[in-house]
Amino acid sequence: MQQVDFTTLTAACCELRSQWLPARIEQVVQQDRFTVYMALRTLDHRGWLSLSWHPQAARICMGTPPPKGADTFTFSQQLRHQLNGLALIAVEPIADWERVIDLQIGQRPQAPVDWHVYVEIMGKYSNVILTNGENRIVTAAHQVSAQQSSVRPIQTGDLYQPPPHLTDPIPTLSESFDHWQRQVSLVPGPLKQNLLKTYRGLSSALVLSMLSSIHLQPDRSTETLQETDWQRLFQVWQDWLSALESQSFTPGWCSSGGYTVLGWDITRPAADTQTLLDDYYCQQLGEQVFKQLRHQLQQKVKGHLKKFNTKAKTFQDQLKASDTAETYREKADLLMAHLHEWQVGMKTLTLTDFESGEPRTLTLNPEKNAVQNAQAWYKRHQKLKRSRAQVQPLLEEVLSEVAYLEQVEASIQQLEQFEDAADLLTLHDIRDELILQNYFPKLEYRKEAPPEIPFYQYQSPSGWELLIGRNNRQNDLLTFRTAATYDLWFHTQEIPGSHVLLRLEAGSIAEPEDMQFAANMAAYYSRARQSHQVPVIYTESKNVYKPKGAKPGMVIYKHEQVIWGQPQSVKDQVHGSGTG
């Protein structure tokens, strides 16, 4: 993940100063343990300033509003208590070429500074610290004790001390080409490493972008550079410094998947630096959390499925054994009918079977007489009959749990990769469902209300709306709240998958291509996604019912018909036109 460097931070703060000063602080909300949001209002607009001390994504930028929910963090409560209603009057670096920004806050514009919020953008050492006007620390996002760091402890009540100053030379526009070249090539080595070690203010992403713009390899040795290479490199070096001095930036997306604010190798421009940073880090962090949560849910569901499948196998084996109950009764009846043929000490006794007329050899316990052997078989017969009566409902219960977990597993598998915020919200929804079903440990805090997630939405060939549930909660909502009388309901036959609804108007009849399209989509949003043909049932939505006490997403239906879905035929349409 690309980190905010000095150049990007300068561009972001330049925009903040020009567009968001002065501003009234109306609200402070903490989204997670790494990000706090300030609601700012100017004479022209209102927005949210995000301050993040995330180890890989520390940043300061205007961004999307935080999600609604309970804020239980002490840090945001302290910021809210001290800063609500005050004015943000300045956004300044604490020193030249430092990645620490001082948000200065007072009663009103042009008033004395009463509070400082220091935003330190320093990788894993990033922090956000609130001090009073005398620079005494009031609170910090991450407090550091003297035992943790003897160089720079950060504790409430201490005088704020800035991070240790950098010692590398400061790059300047006035530096001559010859001096700059000597500095960079003093110790021969890879070009990228030499640039990073020689001057401050550079980052790996910046140097790579700089070298890519003039087609120089980052691992190329300084000894192999021609004079023209040095000249081209010095020119982009000067361009970089000129942009910083004039505060003229060109934000955009790069072909590498990262971003730049200098216009080099841009494949798609961004509206401004604020939008660029917010989009990039929301996407990157969302993808990171998505992968972690998806893996966590998959492992949890997989573990429960393994346990229930083992139980089911045990119960099935017991039922299979109970199938032999009649055999024990037949043996007992046969022996009781021929008691006169039994002799003391017998281990086997061959008798003529009642039904087949064939010889049948009975294995006896020589320590028991004939009646006792028969009684033992009668007892075994009764025990196996009782076992079937007890085990059958247990097996049905376990198989019901397996069917439910396989449905959850299919919902998780459908989310193959992170595309937008709705994908992550869908996983959160699945996690909350598993918590309610006691399959997942309870969270330390609960959201006030789950956000509404849109269904997957498509259009059939004739223009009818097609809605698809993302998870079990949405499946229930789609089938029992959204569906109208004339809508058609689709689902893969005996295969875990999403509920699909083809919405029709009263008196309308779906064309064969609409039906096929809906079946193809139902097959695609199921566990059988990789198959070529999948049986899909459909019926009117009024014929779908939820049994009393059934788990989320589990339904029964009647008057269904079967159509064969072809999931591979809609693969491109799914990735190209699905909307939420």
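The lining of the second largest pocket comprises 20 nonpolar, 13 polar and 6 charged residues. This pocket belongs to a predicted model, and its volume is about 800 Å³. The largest pocket, by comparison, has a volume of about 1700 Å³.

- At least two lining residues come from each of α1 (6-19), α5 (204-213) and β11 (259-260).
- Among the contributors, α5 gives the most to this lining, with 6 residues.

**The largest pocket**

- The volume of the largest pocket is about 1700 Å³. Its lining is made of 46 residues, and the closest to its centre are Gln31, Asp32, Val289, Leu424 and His428.
- Helix α7 gives the most to the lining of the largest pocket, namely 10 residues.
- By class, the lining of the largest pocket contains 23 nonpolar, 14 polar and 9 charged residues.

**Helices α5 and α6**

- Two packed helices are described by the angle between their axes and by the distance between those axes.
- Helix α5, which also lines the second largest pocket, packs against α6 (residues 227-246) at an angle of about 130°, and the two axes are 9 Å apart.
- An angle over 145 degrees would count as roughly antiparallel, and 65 to 115 as roughly perpendicular; α5 and α6 are therefore oblique to each other.
- The crossing of α5 past α6 is right-handed.
- On the α5 side, the contact involves Leu206, Met210, Leu211 and Ser213, which meet Leu233, Val236, Trp237 and Trp240 of α6. The residues of this contact are 7 nonpolar and 1 polar, with no charged residues.

**Helices α8 and α9**

- Helix α8 (residues 325-337) packs against helix α9 (residues 370-414) at an angle of about 160°, with a distance of 8 Å between their axes. Because of this angle, α8 is roughly antiparallel to α9.
- The crossing of these two helices, α8 and α9, is left-handed.
- From α8, the contact is made by Ala325, Glu326, Tyr328, Arg329, Lys331, Ala332, Asp333, Leu335 and Met336. From α9, the partners are Ala370, Val371, Asn373, Ala374, Trp377, Tyr378, Arg380, His381, Leu384 and Lys385.
- The contact of α8 with α9 consists of 11 nonpolar, 2 polar and 6 charged residues.

**Helices α9 and α10**

- Helix α9 also packs against α10: their axes come within 11 Å and cross at roughly 165°. This angle makes α9 roughly antiparallel to α10.
- The crossing of α9 and α10 is left-handed.
- Tyr404, Val408, Ser411 and Ile412 of α9 make the contact with Ile430, Glu433 and Leu434 of α10. The class totals for this contact are 5 nonpolar, 1 polar and 1 charged.

**Features of the backbone**

- The peptide bond from Leu21 to Pro22 is cis, and its omega is near -15°. Pro22 is located in the loop between α1 and β1.
- Trp97 is a residue other than glycine with a positive phi, near 60°. Trp97 lies in the loop that runs between β5 (87-93) and β6 (100-106).

Definitions and conventions:
Residues are numbered from 1 along each chain as its sequence is written. This is a predicted model: local features need pLDDT of at least 70, side-chain atom pairs count only at pLDDT 80 or more; totals for chains, interfaces and linings use all residues. Side-chain values use heavy atoms; hydrogens and water are left out. On a 1 Å grid over the protein atoms alone, a cavity is a set of points where a 1.4 Å probe fits but cannot get out, and a pocket is an open set with protein on both sides within 12 Å along at least five of seven lines; lining residues have an atom within 4 Å of a point. Grid points are joined across faces, edges and corners, and a volume is the space filled by probe spheres set on the points. Helices (H or I, at least four residues) and strands (E, at least two) are DSSP runs, numbered from the N terminus. Ala, Val, Leu, Ile, Met, Phe, Trp, Tyr, Cys and Pro count as nonpolar, Asp, Glu, Lys and Arg as charged, and the others, Gly among them, as polar. Axes are lines fitted to C-alpha atoms, for helices over the stretch in contact, and angles run from 0 to 180 degrees between N-to-C directions. Angles under 35 degrees count as roughly parallel, over 145 as roughly antiparallel, 65 to 115 as roughly perpendicular and the rest as oblique. A crossing is left-handed if the near helix is turned anticlockwise from the far one by less than a right angle, and right-handed if clockwise. Contact means heavy atoms within 4.5 Å.
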